[in-house]
Amino acid sequence: MRAIWPLLQASFGFALAVVAVRLFTIFSDLWKTRSYIKRLQKAGKPVPPHSFLMGHLLQAKAASEELPRGAHSAYVTNRLATKLGSEAFYFDPWPIADPLLVLTDYRLANQATSHEWAGSVKPPMLSRWFAPISGRGGVNLFTQNGADWRRDHEIFLPFFNNSNLDATLPAIVEEMLIFRNILREKSQHKDIIRLEPLTLTLMNDVIGRVIFNAELKNQTSGSHPLSKAMLRQLELKFVENDVVENLGQLNPLRSLEVWYNGRVLDKQIRAQIEKRIVAFQSAKSSDGQFASSAMLDRVLADYFSQPGRQHSSTVDAEFMTMLCGQLRLLFFAGYDSTSSTMISMCYLIWKHPEVLAKLRAEHDEVFGRNIEACAGKIIESPSILNALPYTNAVIKEAMRLLPAAAGVRYGCKDLVIKGNDGMEYPTEGIIVQINHLAIPNSLET
């Protein structure tokens with residue numbers, strides 16, 4: 001016991017030192033951030049009522065409570081901009097996020113997107129934001145710059161050519177038919193149903209087919225372990241619009257859970273990669289052909305075609321780590337945004353029956369009146385979808401009216417946004433949010 005006591009004292013002292021450093025860092029960042037916003041406020045810049053302790057968290061909480069549950073942060077900042085009546089304003093959500101300059105006018109937004117540095121270089125803060133989603137410290141196609149981005153971009157680029165995307169349509173249509181049947185079954189009952197869980201599950205299965213060439217069967221058999229791990233990671237990253245609950249991000253135990261679940265997610269993705277490697281090697285040994293349009297299969301086929309790798313039976317550790325991170329990102333990228341757009345379209349079409357009538361007329365003209373034959377026509381001739389200009393316009397209009405996200409740039413010393421009234425907005429150390437809800441819906445746009 002005497003031998004253990006010094007060890008316990010040392011451990012306690014170390015833990016106390018870690019807590020002290022953490023608290024010092026928090027209070028230092030708090031002082032720096034709040035002081036900067038206060039200086040901007042004193043200089044006459046548009047800033048909502050600001051608390052030195054809470055920043056704008058209470059204003060954000062009040063605005064979020066006026067919106068549907070789970071609304072994107074761009075809708076919260078747009079609500080604040082409407083109340084403030086300004087084309088731009090500074091918003092301080094620290095410690096949930098870094099301070100923002102919210103732009104609601106396209107002329108101001110153009111200054112940020114066309115700036116030589118801010119318009120093209122992805123800032124380090126993006127990596128911190130994406131770290132829980134993609135792992136690897138947030139290094140992925142959304143955050144990479146220069147040669148690193150070009151290298152990884154070229155690995156995944158062949159998947160996105162038109163002929164390959166057309167080849168993925170049979171799998172997408174198959175999952176859509178399952179979705180249709182679920183809706184038909186639920187329509188037999190008089191209960192109100194929520195579309196979001198159904199569209200999110202649909203997108204899980206579509207992404208499984210298109211990226212991993214895997215039938216995850218979330219729509220019919222419950223949550224697949226891969227989907228379950230990814231969704232848990234997103235739950236840890238995002239908290240619905242309860243602003244106070246977001247402060248839990250400071251809890252070190254949550255960081256530990258993010259790390260642990262990230263390992264579980266990597267394990268699931270590695271299992272999918274190894275499964276497709278086996279399928280590739282098996283096809284190669286039997287007839288030398290490996291025809292697949294799935295993203296992972298295309299990447300692996302290209303990898304094993306490189307000189308010196310034709311006879312390999314596995315991928316090297318560095319490539320596996322990169323592949324896991326990028327596939328985690330791509331799993332996330334089309335998941336929620338596509339689901340949200342589908343729901344927005346359904347809502348807007350319901351609100352505008354005249355639009356629904358025109359959509360049906362166009363579909364009857366292109367596909368015919370036999371609904372059951374529609375899926376087969378799309379699979380047989382994917383180009384038939386190009387004959388739906390009104391449908392395409394409806395999709396774009398839904399994305400304009402109810403966008404799924406917002407754009408951001410990172411400010412710098414020589415980027416000073418000039419307002420239409422001559423007001424100057426410095427951006428050094430500030431995230432510039434281009435509000436996709438406000439700008440396309442402005443009467444001046």
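Author: A patch joins residues with over 30% relative accessible area and no salt bridge, linking like charges within 9 Å and nonpolar side chains (Val, Leu, Ile, Met, Phe, Trp, Tyr) within 5 Å. The model is predicted, so local features need pLDDT of at least 70 and side-chain atom pairs 80 or more, whereas totals for chains, interfaces and linings use all residues. Residues are numbered from 1 along each chain, and side-chain values use heavy atoms, without hydrogens or water.

Leu157, Phe160 and Leu165 form a nonpolar surface patch of about 260 Å² accessible area together (Shrake-Rupley, 1.4 Å probe, with only the protein chains shown as cover). Leu157 sits in the loop between helix H6 (146-156) and helix H7 (162-167) (DSSP runs of H or I, at least four residues). Leu157 is partly exposed, because its relative accessibility is 44% (buried is under 20%, exposed over 50%).

The structure also holds 19 salt bridges (Lys or Arg side-chain nitrogen within 4 Å of an Asp or Glu carboxyl oxygen). Among them, Arg107 pairs with Asp105, their closest N and O atoms lying 2.9 Å apart; Arg107 is partly exposed at 32%, whereas Asp105 is buried at 6%. Arg151 and Asp152 meet at 3.0 Å, N to O, with Arg151 partly exposed at 45% and Asp152 buried at 0%.

Glu372 and Arg184 form a further salt bridge at 3.2 Å, N to O. Glu372 lies in the loop between helix H16 (353-367) and helix H17 (374-380) and Arg184 in helix H8 (residues 169-187), so this pair ties together parts 188 residues apart in sequence. Glu372, at 49%, is partly exposed, and Arg184 is partly exposed at 37%. Elsewhere, salt bridges with shared partners join Glu66, Arg79 and Lys83 into one network.

Terms used
Helix = DSSP H or I, 4+ residues; strand = E, 2+ residues; numbered from the N terminus. Buried < 20%, exposed > 50% of the residue type's maximum accessible area, 1.4 Å probe, protein only.
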